[in-house]
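Reader: I would like a close look at one part of this model. Pick a single spot, then connect it to the rest of the chain. Keep it brisk, and give me the cut-offs.

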Amino acid sequence: MRLLPLAAACAAAVLLVSGCATADKAQTCAEATQVISRTVSEIGKVVDDPAAMRKKLEDGASDLEDMANKAADTTLREALQDLADSLQKLDVDDAEAAADAARKVATDGAHYLREVSQACL
């Protein structure tokens, strides 16, 4: 899980260097990458606290939905909304469920970072 923030930073750099079609899209791409990376990181930090994780999942899903609503690109919007939906479906009742959720969030986060990267090329 420690590699995910680094991968996200690299993805953001690639997006910025390769350039998106417009300045607005470039900004949205950079923000989307940051929101996904921050969400995954914050959820990973509270793996030992199911109550805190539930809050981070809610906050992360809300942030992703807000970003999806701003995205003009359909693929980008769908990737953000799909990740938000995935977070909302996670049920974290105990420490074991929290650990499972953290793994799923890390895996899904990496998947959606790739989708965002593709949408922004």
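Author: Glutamate 96 sits in helix 5, residues 95-120. Helices here are DSSP runs of H or I, at least four residues long, and strands are runs of E, at least two; both are numbered from the N terminus. This is a predicted model, so local features need pLDDT of at least 70 and side-chain atom pairs count only at pLDDT 80 or more, while totals for chains, interfaces and linings use all residues. Residues are numbered from 1 along each chain as its sequence is written, and side-chain values use heavy atoms, with hydrogens and water left out.

Glutamate 96 is exposed, at 59% relative accessible area. The cut-offs are these: buried is under 20%, exposed is over 50%, and partly exposed lies in between (1.4 Å probe, protein chains only). The areas come from the Shrake-Rupley method, and for residues only the protein chains shown count as cover.

Glu96 also belongs to a surface patch of negative charge, together with Asp91, Asp93 and Asp94. Patch members have over 30% relative accessible area and no salt bridge; like charges are joined within 9 Å, and nonpolar side chains (Val, Leu, Ile, Met, Phe, Trp, Tyr) within 5 Å. Asp and Glu count as negative, Lys and Arg as positive; His and the chain ends are not counted. Each charge is placed at CG of Asp, CD of Glu, NZ of Lys or CZ of Arg.

In soluble globular proteins, nonpolar side chains tend to be buried together.

Helix 5 also holds a charged pair. Aspartate 108 and lysine 104 meet in a salt bridge, 2.9 Å from N to O. The term means a side-chain nitrogen of Lys or Arg within 4 Å of a carboxyl oxygen of Asp or Glu. The two residues are four apart in helix 5, so about one helical turn separates them. Aspartate 108 is buried, at 14%. Lysine 104 is partly exposed, at 38%.

Within it, glutamate 42 and lysine 45 pair at 3.4 Å, N to O. Both lie in helix 2, three residues apart. Glutamate 42 is partly exposed, at 26%, whereas lysine 45 is exposed, at 60%.

Another bridge links aspartate 63 and arginine 38, with the closest N and O atoms 3.5 Å apart. Aspartate 63 is in helix 3 and arginine 38 in helix 2, so the pair ties together parts 25 residues apart in sequence. Aspartate 63 is partly exposed, at 31%. So is arginine 38, at 41%. The whole structure has eight salt bridges.

Back to helix 4 and threonine 75, which lies there. Threonine 75 is partly exposed, at 42%. The C-alpha atoms of threonine 75 and cysteine 120 are 9.0 Å apart, across 45 residues of chain.

As for the overall layout, the chain has five helices and zero strands. Buried residues make up 41% of its 121 residues.

Key:
Accessible areas come from the Shrake-Rupley method with a 1.4 Å probe; for residues, only the protein chains shown count as cover.
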